Every structure is written in structure tokens, then in C-alpha cells.
Amino acid sequence: MFFRMIKGTLLRQWKKMLMIAFTIALGASLAAAMLSVMFDVGDKVNQELKTYGANITVVPKSASVLNELYEVEGGQNTGAYLREDELGKIKTIFWAFNIVDYAPFVTVNSTLDDGSEIKIIGSWFNHHMELPTGEQLDAGIAGLRSWWEIESGDWLDEQSSNQEDSAMIGTALAKKLNLSVGNTIHVKGSDGGKIFKIAGIFDAGGEEDDQIFAPLNAVQELADLDGCIDSIEVSALTTPDNELAEKAAKDPSSLTVSQYEIWYCTAYASSICYQIQEVITDSVASPVRQVADSEGAIMEKTQLLMILITILSMIGAALGICNLVTASVMERSSEIGLMKAIGAQNGAISGLVLTEIFITAVFGGIIGFFAGFGFAQIIGHTVFGSAISMKPVVIPIVAILVVLVTLAGSIPAIRMLLRLRPAEVLHGGH
Amino acid sequence: MSLLELKNVYKIYGELHALDNVNMKVEKGEWVSIMGPSGSGKSTMMNIIGCMDKPSKGEVLLDGVDISKENAKNLTTVRRDKIGLIFQQFHLVNYLTAVENVMLAQYYHSLPDEKEAMEALERVGLADRAKHLPSQLSGGEQQRVCVARALINYPEIILADEPTGNLDEANEEIVVDLFHKLHNEGTTLIVVTHDPEVAEVAQRTVVLRNGRVVKEVQNQNFTGKIHFDEEGTHVTKKDLKSEEEIQAEEHAHENQ
């Protein structure tokens, strides 16, 4: 009997029910879209920010102590070095797949023929690596310094055999020395001197514009520092820090075993740093705070915006449902009055009306969820230029929101239904 | 003990006394008509007897239990178990068939039983229309479905509000005929009407005016039987006294 009545109502009031389903679908679609974007925005923002450089620097332990004492960044030429042969290990840590790019650096103070002092920096440009895992990787500053503008020439191609003695020179230094692509420059080092052919002139917008960047091995030879590097810059996909990450960053030994496991198995910048330190001897890895903080701030604001839109869309849906359900109950007042008159208790009638609305809500919610996922893809492609992945957690959240909104929207109608007196709707009061 | 007794019942809306010190008794198996012009308090009285409203003052004893102080939930239970309601507007659920409308009363009472619902429709002569929707039934047929729905849970009292108000003469006779049958089977009937012809076929007529019982007349011509002509068709009794005649008789009786 119950289902005959449900069926009867749904079929008889199909237009109204369709409107309710549409309203719920609209709210659910916005919620699903915003939540999908919100849960995926972390990775998306991370990827966006990766274009602005490394977010972790690794320096020798002694250099780190000096940095902390004198509050300077860089850590060059402190006399302590990291080992080049350990660089491959970075791609063997627990969060190896989150390491997008990295490059070693060795900085040498050198002099030119005219006696002027310059800094020449050895690094990887597009260094090809075959890792023990079988993975192949091209790492270097071509990826890490993607914002550099190449004014003339091109990025130095390490994999090309004729560019072994090439270098890239900053635009300010090139102007000062009146050098252009194809010219050579002679630099003096502890192990004699070296002639570099200019492969490209770049504009970095910073102190690098007065420096020369050359292949790592060439600079090591120049300074007689074979196998030595003084810093590594790492670009990693990280999860924004929370209280646990901050606590761990200060002192990982202060964590309990379970906290340690959670922290270690989450891609916090601090846990990735910790794991890098584990594989690079006598090193200190630390997050570049500016980038990490920007990530956190952007994500917090983006997520807040998404939550606000979700809340507003749900409030809108609740108001729409409220009007439609109330109109439906008013239209059926004599039918509801009759049910009460023949012995239906308030609970039975409320149950009937709520079941009808919830069946409609499920229908609208499912349609809304898939439509929302479609909206999320549009947002993903428009804003981030890539698809938004479906996070399973969005499904129960949208389901709970739909239930809450349907319940909230039905409250005025149910209150009206409870107050409805059969005598008033079946015949006059007196 | 009377099946129903109203003791000093008032229903007051601000300044208006919809019922004003009403006293009335209905015995088990009795057929009582409540008559009166519009605004006399008929519907208010029906609402109170039908447990759809509560009096402002006074007692309403149904089967010896005072229902005037019960809460809405208990009143619904009393209404469900003891009262069968028939309305002028029929109030059938328009997306349920005739038999489903009857089963609806069973559903809220105990358990729906289609066989029993069909038997109830048979009693009102509508077995062949059981699967029809209300929109496919005539007014008289809809009212008979309403009677079947009122009967299905074997109530103590059938309470009918203007049951023939929306019917033509032929259907009116069919419904009155049904009431005769129910009365003969021992059902207690309270029929609220403003139609003297319907009122006068009852055992007793209670006349209300301005919320007061102004007359209570035992219909002398009531036989308690259904009257048939030679062809077996039911004939309503139209030779009963009019309200004016009753008033005149009362007046003469008081003067004596």
C-alpha cells in the first residue's frame, strides 16, 4: 500500500517532482564540482607552483649550520660538499614519484682574463639518468629554471656531444663582456683554466644574470672538485603542512610511532626532506619557505572559496526544495487531511512525504553528481589546463549534503503537514 | 450506558459560541440525524464527535471514555478504531482505485486485505467498479466507495457529514438505502444534514440552532425497515413531518 501511494504520488505529481529533482541536481552538481576541484586543487596548484622553481634545497650539514648562524641562503664554498654519486638515491626514497625534478650545483669563484671576478656555477641542464628502478629521467635547471628567458641561443643540451664545453651566460654579464652566442670565454680555476663556448644568453631577473652556468663536470674539473657538489635543488609535489608536519619539522623524534608513520607516509615537504637526508650523506634538506607558504596560502584561499560556493549552492537548493515541497503539501492538503481523518498518525504521513522527496532527491542527486563532475572537468581544463580526477570521498560528502539539504528544505512542509487539522481541510471549521 | 454522550459541551471561538451547552446521547445501534441551518454548529459537533476537534468545555463520552481531554495522537487512535467517516465531498485519493481507497483505511488501521476490501465494495454494490479510479466513478459511486471505506474497520459509529449533499435524487436514495441496511445490521449512524428528507428517515432528529440543541424529535414514522415498492425498488419515506410541523407540535405540547 505504501509503495502504491508513493508510486501514485510520483506519477501524479511528476512535474513538481521533476522540479524538485532538478533543484537538487543543480545544488548537487555545484557541490560535486566544487568538492572535486577542491580535493584536486592541491595537486593542481602544486604543479602550477613547480614552474616557479624548486621547493626543497639540500646543503651539507656544516653549510646549514653557517646558514642558520648568519641567516644566509646558498651555502656555497663552505668547504663542505655533498657527493655527486649519491644524487641518484634521491629517486629511491619513499616519495620518489613526487620528486619532479632536481639539480646539483657547485659554485666556483673564478677570474677572467681581464682579472675581474665572476661566479661560475656547474649544474645539470638536462642530465639523463637511468635509475636502478629502471626509470629514466632528464633532470636539471632547464626544468627547474623554466622562467628564465633565453634572450639568444638556446638551453644548453647536455646530451649533445658537441656542447660538453659550452656554457650559458647571464644577460648582464654578456653585456658587460660584450659576448654573444657562439663566442668563447676563458675562465681561470685552481686546476688551470677552461674555455667555454656561449650556447645561450639568459635573463633570470636576479643575481644569476651576472653568472655563468656550465655543465657540472666541467666546473668540477675547473675547481678540481671531482664528484663534489655544494647544494641540490629539488622540485617535489608536496602536501601543505599541518600541525603534525610542523611538529615533525622541528623534531621528528618528538612524534609517537603512529604520528611518525602518518607523517612519514604523507608527502609533507618536511617528510620528503627527512627522507632525502636519509639517502644523502651529511646533508640537511629544508623546504624553501616562500614556495611552501605560497602553496599553503593559495590552497587555503581556493579551498575556502570552493567551500563557500558549495555552502551557498546548497542553501539555494534548500530554499528551492522548501518552496516546491511546501507547494506540493499544500496542494495535497485534503488528501493528507483525509489520511489523518481515517487514522494516519503524523509520523506515517511525514514518512510517506519524506520517502517521496528522498526518492526524488536520490534521482536528482545522482544526475547532479555526474553533471558536477562534468563541470569540474570544464573548470579543470579552463583554469588548470588538465582534467580533474574523481575523488571517491566526494561521493559520500555529496550524498550527505543532498540528504541534509533535502531534510532542511522539507522541514517547513513537514511542520505545515503536522499542524494540518483534518477538520479544516475536509469541511468547514464551524 | 450510552455509546456516545455529550455533556455540557461548548466550543467557543472568541466571541462566537459555535456550540453552546450541548447535551446529547446516542445509544448503540441508533440512527440519529443532526439537522440545522448553516452556522448552527452541525459541522463543529461532527468534528468533536469525530475526534477531529476538542470542545472548549464539557465532556464527550465515547463508550464511557471522556475523549475531550485526549491529545491529538490519542484522538487519531480513537477515530481510527471507533469511527467511520463519510464526507459530502467524498475525499477519495484520486490516484488510488476504488478498492485501494478502501484498503487505505485498513492500512492505517491494521493491515490491508484486498479480499476484505472487495467484500466491503460488494456490500455497497460496487464490486464490478473496484479497479476504477475515482475520476471514472459517478458521484453516487464515489460516495458508496466512501461508505465502504468507512465500514471496513468495523467502527462503533458511522459519522456522515452531508452524505447526500452532492448527489442527485437517485444516488441519494441509494445512499439512504445503504444506511438502512447498515442500521438493520446494528451499526450506529450519526448523519449530519440540512436536508429534512434525509433527516426524517433516521430514528431521531436533533435540531441545532446557534450552537444549541433546540429540538430532539423521535421520528414517529420510523420503521427501521427498508421500504420497497412492488418492483422491489427502495422508496424513501417522504411523508414524515416537516420541521415546522414538529415545532408546532412541540409548541402545543409545551402549552398543555
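Modeller: Among contacts in chain A between residues at least 6 apart in sequence, 77% join residues at least 24 apart; two residues are in contact if their C-beta atoms, placed from the backbone, lie within 7 Å. This is a predicted model, in which local features need pLDDT of at least 70 and side-chain atom pairs count only at pLDDT 80 or more, while totals for chains, interfaces and linings use all residues. Residues are numbered from 1 along each chain as its sequence is written, and chains are lettered from A and ligands numbered from 1 in the order in which they are written.

Colleague: How do you know that the span of helix H13 of chain A agrees with its number of residues?

Modeller: Helix H13 covers residues 394–419, 26 residues in total, and should span 38 Å at 1.5 Å a residue; its end C-alpha atoms are 37 Å apart, so the two values agree. The expected span is 1.5 Å times one less than the number of residues. A helix here is a DSSP run of H or I with at least four residues.

Colleague: Where does H13(A) have a kink?

Modeller: The kink, of about 40 degrees, lies at A:Ile411, shortly before the proline A:Pro412. The bend is the angle between axes fitted to the seven residues ending at a residue and the seven starting there.

Colleague: What makes a residue of H13(A) buried, and which ones are?

Modeller: A buried residue has 20 or more other C-beta atoms within 10 Å of its own, all placed from the backbone. In H13(A), the buried residues include A:Val394, A:Leu401, A:Gly409 and A:Leu417. Buried residues make up 42% of the 430 residues in chain A.

Terms used: A residue is buried if 20 or more other C-beta atoms lie within 10 Å of its own, exposed if 12 or fewer, and partly exposed in between; C-beta atoms are placed from the backbone. Helices (H or I, at least four residues) and strands (E, at least two) are DSSP runs, numbered from the N terminus.
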